[in-house]
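Here are my notes for someone opening this entry for the first time. Have a look at the picture, then go through the points in order.

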Amino acid sequence: MKPAKGERKIPVFSIFGARNHDGNNPDKHESLKLRETVGAFFKIAMPYWRSKESFAGRLQFIGILLFTSGTIFLAKQFNDWYKEFWDNVQNYNMDGFYGGLYLFLFLATLHVCNDVYKSYVISALSIRWRRWLTTHYTERYLNESTYYRLQLTDQKTDNPDQRIAEDLNSFVTLTIGIVVRMITSTAMLVTFSIILWGLSSRVENVTVGDFTFSLPDGYLFYLALIYAVCGTVITFIIGKPLALLHFRQQRFEADYRYSLIRLRENAEAVALYKGEKEESSRLNSYFGDVVKNYIYLINRTKSLEFFTFGCDQLAVIFPILVASPLYFAKIITIGSLMQINSAFSRVYSSLSVIMSLFPELATWKAVIDRLALFEKSMKKSLQLSKPDVRYEAESVRIDNLSITKPNGTALISNLNLQLKNGDRLLIKGPSGVGKSTLLRAVAGIWPYSSGSVTLPESKKVLFLSQKPYMPMGTLAQTICYPSAEFSDEKYLASLLEKVGLEHLVPHLNTEDQWGLVLSLGEQQRIAFLRAIINRPDVIFMDEVTSAMDEPNESKLYAMLKDELKDSIMISVGHRSTLENMHNRILDFTDKNPSLK
């Protein structure tokens, strides 16, 4: 059966891993080898624990270890309690029975308090570690425009926002949970293996009915070991595909969520195009991926749970079946039988911790793989060549600047340019010759370029795009962006009136989605106000009047000239009317751009 139009194939998964219809492993970059995952884990986790801020986290981890020790101690006390209590029951000892109940209440109270405080400290450590990791990754993501470069250089890193917002949280939560479980299980194993070994000393000539047999030293421990090892091996075979399935589920969920966000952000354009049918088809396709992969995931989880739950249920009765012949042979008491059952369950649970943790381990590996790919992609983006942009001059100087497309096609070769204070440069020419890309290269964000650019201080340089960025917040904050909130509302009101936006004055302190509320022409006028408020030494403007009529265009350029007389202005535009507003022109009409 062929997939419907626009529908993407999801590979069928065998118990040995993910395979497509050709039998090859799809999307090799998605899932790392175990050794690579372990290395990636330490690269992600260790920076925090080596930082100065980890001191409080170390104390909290020590607290977790202390509470874990309390858990082990109480488990040992409960195990001893089982023998005494049930022996009192068997001997009809009422005083011992009531004493056992009081002891149980005391131990249970300690157990509840210990577990509650242990959970609290784990949560406190989780949020502390997550806060540090999120800040660390956010800074790296924003540093040197990495967020922009990733879009150009690495299509494998889908939804970086999810990596920071969700995967880091999952990484911290799962890591602490798994580590604490492993430490607890190891301690339980040591403690109760000693107890179980002591309870299973060598027994000679046990007779049950017509059968007589002998039991070696440690027979209960060996049985628990064999039971747990066999269960773990089978669990690994059944659950192996879960890591890749979890990886893909996260990716498909993020793709679907992002497609909904894009629809909301471009609602007007879709409505004008009457593109609802196409958008519905695309959304159904993305959601189809979510559903199909989830079906594979729940089917594999179902098979795993049938086995693990079955093993857990059998483990409840298995030690009683093994030890019951000794009880019926009157070699041990019912209290000893209950103590054996408790100790065996503890040892089995500790030995089979991998089996019980397998779903979490599969999710954990998927999270680490996603973060490792994100980490690798950020490093790769920073290794790309870029212009040498220096902020140390009073004017603008460009030396031997060469720019190419991502595929290597040359756009601009060895451009040299120098502008002094008060210069107004217009960059013109047909579409596709690299005018806007030139501005990106000068800003230092276009990776496929070389040469050197010298500008004034970075805080005194402002780039305005054709579609201005409208941040979340009040209208006043939007107008003043990227500066902090501007307190002089009267001045802002006067500026709005000068550019014909007086109807917005009452809304200066109103929070809204201004990118959707304002038309493109209104947004472009606000961009001009940003230049006047921030008063940069250099302004780069990429077709910032494309949605305006010519009178407003002339009016706004005249405002800039009056307000920022000494600023250097570099504009990209197609209209011939712009030539009268600039004293220099860089023409890309010919192959070799000429400066007039």
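1. Start with Phe 97. This is a predicted model, and in it Phe 97 has a relative accessibility of 25%, so it counts as partly exposed; the cut-off for buried is under 20%.

2. Now the aromatic pairs in general: searching the whole structure turns up 26 of them. One of these joins Trp 49 and Trp 129, with ring centres 5.4 Å apart and planes at 70 degrees, so this pair is edge-to-face. Trp 49 sits in helix α1 (residues 34-50) and Trp 129 in helix α3 (residues 94-142), so the contact ties together parts that are 80 residues apart in sequence.

3. Are those two tryptophans buried or exposed? Trp 49 is buried at 16% relative accessible area, and Trp 129 is buried too, at 2%.

4. Back to Phe 97 and its partner. Its ring centre lies 5.2 Å from that of Phe 85 and the planes are at 35 degrees, so the pair is tilted. Phe 85 belongs to helix α2 (residues 55-90) and Phe 97 to helix α3, so here the parts tied together are 12 residues apart in sequence. Phe 85 has 9% relative accessibility and counts as buried, whereas Phe 97 is partly exposed.

5. Trp 49 and Trp 129 also show up in an aromatic cluster. Alongside them, that cluster holds Phe 41, Phe 42, Tyr 48, Phe 61, Trp 132, Phe 171 and Trp 364.

6. How many cavities of 30 Å³ or more does a search of the whole structure find? It finds one, and the largest cavity holds about 50 Å³ of space. Strand β8 (424-428) and helix α12 (435-443) are the elements that give two or more residues to its lining, with α12 supplying the largest share, three residues.

7. What is that lining made of? By class there are nine nonpolar residues, with no polar and no charged ones. They are Ile 398, Leu 417, Leu 425, Ile 427, Leu 438, Leu 439, Val 442, Phe 540 and Ile 570.

8. Last, the chain as a whole. It has 596 residues, 44% of them buried, and carries 17 helices and 16 strands. Of the contacts between residues at least 6 apart in sequence, 78% join residues at least 24 apart. The accessible surface is about 31,800 Å², and carbon and sulfur atoms account for 58% of that.

Definitions and conventions
Residues are numbered from 1 along each chain as its sequence is written. This is a predicted model: local features need pLDDT of at least 70, side-chain atom pairs count only at pLDDT 80 or more; totals for chains, interfaces and linings use all residues. Side-chain values use heavy atoms; hydrogens and water are left out. Helices (H or I, at least four residues) and strands (E, at least two) are DSSP runs, numbered from the N terminus. Buried means under 20% relative accessible area, exposed over 50%, partly exposed in between (1.4 Å probe, protein chains only). Contact means heavy atoms within 4.5 Å. Accessible areas come from the Shrake-Rupley method with a 1.4 Å probe; for residues, only the protein chains shown count as cover. On a 1 Å grid over the protein atoms alone, a cavity is a set of points where a 1.4 Å probe fits but cannot get out, and a pocket is an open set with protein on both sides within 12 Å along at least five of seven lines; lining residues have an atom within 4 Å of a point. Grid points are joined across faces, edges and corners, and a volume is the space filled by probe spheres set on the points. Ala, Val, Leu, Ile, Met, Phe, Trp, Tyr, Cys and Pro count as nonpolar, Asp, Glu, Lys and Arg as charged, and the others, Gly among them, as polar. Rings of Phe, Tyr and Trp (its six-membered ring) pair if their centres lie within 6.5 Å; planes under 30 degrees apart count as stacked, over 60 as edge-to-face and the rest as tilted.
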